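These are my notebook entries on a structure that I am reading for the first time. I record what I looked up, entry by entry.

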Amino acid sequence: MQIHIQAQGGVPIYVQVMQQIKYLVASGRLQPGDELPSIRTLAEQLIVNPNTIARAYRELETAGVVEKRRTAGTFVAEAGSPLARKERLRLLRQRVDQLLVEAFQMGFALDEVLKLVEQSELNSQPPRKG
Amino acid sequence: MNDLVIDIKNLHRRFGDKHALQDVSLSVPRGGVFGLIGSNGAGKTTLIKHILGSHYAQSGSVSVFGFDPVAKPVEVLGRIGYMSEDRDVPGWMRVQEVIDFTRAFYPGWDSGYASQLLELFELDPKQKIRNLSRGQTARVCLLLALAHRPELLVLDEPSSGLDPVIRRDILTAIVRTTADEGRTVLFSSHLLDEVQRLADRVAILNRGRIILSDPLDTVLESFHRITLRFDESFDLAPSLVGAIESNGQGHEWTYVYRGDREQWTQAAKRLNAQIVHEVPLSLDDIFVCNVQHS
């Protein structure tokens, strides 16, 4: 699991860890059932306060992205959970917003963008279930 | 049961006519990393020396583990691991000699852990201290501070003047110390990215006064830079309640704001202004801004 922390900006580190794990899960690089590193391991790897990692894991659990199992490990939750789907939608919406901003700046109208999405080469591939 | 490892109240210290510490109150709870931030000469080392009992409180009080460190040095110092800013160890001693010498002061010395650290830090026990590089000397000091597994680790500017590899050793030691339940770390630094990585709580010391002391997340969440757009053009920044600093021109003015989103939304609304941009401030910016406006 590859996470990069920026300790110079104003975004709290637990938020950065949360966002990146959410992204890894939503993009499929972390699969349901995958185990996350222990709090201590990740804290030493990133050189951040272990409480920060604990907070990120706690909030990810509340958001339904990960689940704690009795054997003291933290695992990626099943993607079917409504919260996980909501999170993926949120990420997708951000990307769509970015796309539309760029499209409008380049002078394309909405129906032109939609047509482009329909014609996209990726469209010929079967969508991933989730 | 007092859960504060360090409790300082209204501490005042003068050297001649220089007020080194003025009305300093500071509480360090057990089990976390406390970052003490300040410019050179702000009083960080003077404050740390009060915690270690090398300075007595001229007025106000200092309590460490519930004791006055000046009156009860054995009870206090035996439970603290300390690394000083100048990392002074006798140059004529060999690494092993300085370890044996230090061990004698600490009943809780863990020889197995000391050997482990010796190996981890790639230190040669037969080397004379004066022949070590600056980084190796820092590692010796870190070993001496850690090997009795102190309840409180105090590091004064631990990584100043060191290369990234050794800084990493020191920062990892802080992470490990705090991962062990109940241990507390207090470190002073002017390298704010380190503080941002490691600290739970921070205090800013400026010219002998504590100008801010809060959990790090609270600090980061309460300072933003927001840009407002006004219908009419102004020559001077329209005054925004809660703003610390402002600059800009004409229709758009940027403010450093202390408070939450609801507060600045309300304040902007009262000025009939539209919020066009908002970004959280980094610890670096927060530090500079607080020092300039204190």
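**Entry 1: two loop residues**

I began with B:Arg149, which sits in the loop between α5 and β6 (152–156) of chain B. Helices (H or I, at least four residues) and strands (E, at least two) are DSSP runs numbered from the N terminus. The model is predicted: local features need pLDDT of at least 70, side-chain atom pairs count only at pLDDT 80 or more, and totals for chains, interfaces and linings use all residues. Residues are numbered from 1 along each chain as its sequence is written, while chains are lettered from A and ligands numbered from 1 in the order in which they are written.

I found that B:Arg149 has a positive phi of about 45 degrees, although it is not a glycine. Is B:Arg149 buried or partly exposed? I noted it as partly exposed, because it has 16 C-beta neighbours inside 10 Å. The cut-offs are these: 20 or more other C-beta atoms within 10 Å make a residue buried, 12 or fewer make it exposed, and anything in between is partly exposed, with C-beta atoms placed from the backbone.

I then turned to B:Arg87, in the loop between β5 (80–83) and α3 (95–103) of chain B. Its phi is near 45 degrees, a positive value in a residue other than glycine. B:Arg87 is buried, because 20 other C-beta atoms lie within 10 Å.

**Entry 2: chain B as a whole**

I listed 10 helices and 12 strands in chain B. The C-alpha trace of chain B spans about 75 × 40 × 40 Å along its principal axes. Chain B has 294 residues, and buried ones make up 38% of them. I also looked up contacts, meaning pairs of residues whose C-beta atoms, placed from the backbone, lie within 7 Å. Among contacts in chain B between residues at least 6 apart in sequence, 70% join residues at least 24 apart.

**Entry 3: a sheet and the helix across it**

In which order do the 3 strands of the open sheet in chain B lie? I read the order as β2-β1-β4, with antiparallel pairing; strands pair if DSSP finds at least two bridges between them. The edge strands of chain B are β2 (18–29) and β4 (59–64), each pairing on one side only. From one strand to the next, the twist averages 20 degrees.

Strand β1 (residues 4–15) of chain B pairs with β4(B) over 5 bridges, in the antiparallel sense. Opposite B:Lys9 I found B:Ser61 in β4(B). Helix α1 (residues 44–51) of chain B lies across β1, β2 and β4 of chain B, and runs at about 60 degrees to β2(B). Such angles run from 0 to 180 degrees between N-to-C directions, and axes are lines fitted to C-alpha atoms, for helices over the stretch in contact.

I looked up the largest nonpolar core and found 97 residues in it. A nonpolar core is a set of buried Ala, Val, Leu, Ile, Met, Phe, Trp, Tyr and Cys residues joined through C-beta atoms within 7 Å. B:Ile37, B:Ile174 and B:Leu186 have the most contacts inside this core. Helix α5 (residues 134–146) of chain B gives the most to the core, with 7 residues. Leaving aside neighbours within four places in sequence, the contacts of B:Leu186 include B:Ile6, B:Val28 and B:Phe34.

The axes of α5(B) and helix α6 (residues 164–179) of chain B come within 10 Å and cross at roughly 10 degrees. I therefore recorded α5(B) as roughly parallel to α6(B); the term covers angles under 35 degrees, with over 145 roughly antiparallel, 65 to 115 roughly perpendicular and the rest oblique.

**Entry 4: chain A**

Chain A has 5 helices and 2 strands, in the sequence pattern α-α-α-β-β-α-α. Of its 130 residues, 23% count as buried. Strands β1 (residues 66–69) and β2 (residues 73–76) of chain A pair in the antiparallel sense over 4 bridges. The bridge partner of A:Lys68 is A:Thr74 in β2(A). The hairpin of β1(A) and β2(A) has 3 residues between the strands, and there A:Ala72 takes a positive phi near 65 degrees.

Methods:
Two residues are in contact if their C-beta atoms, placed from the backbone, lie within 7 Å.
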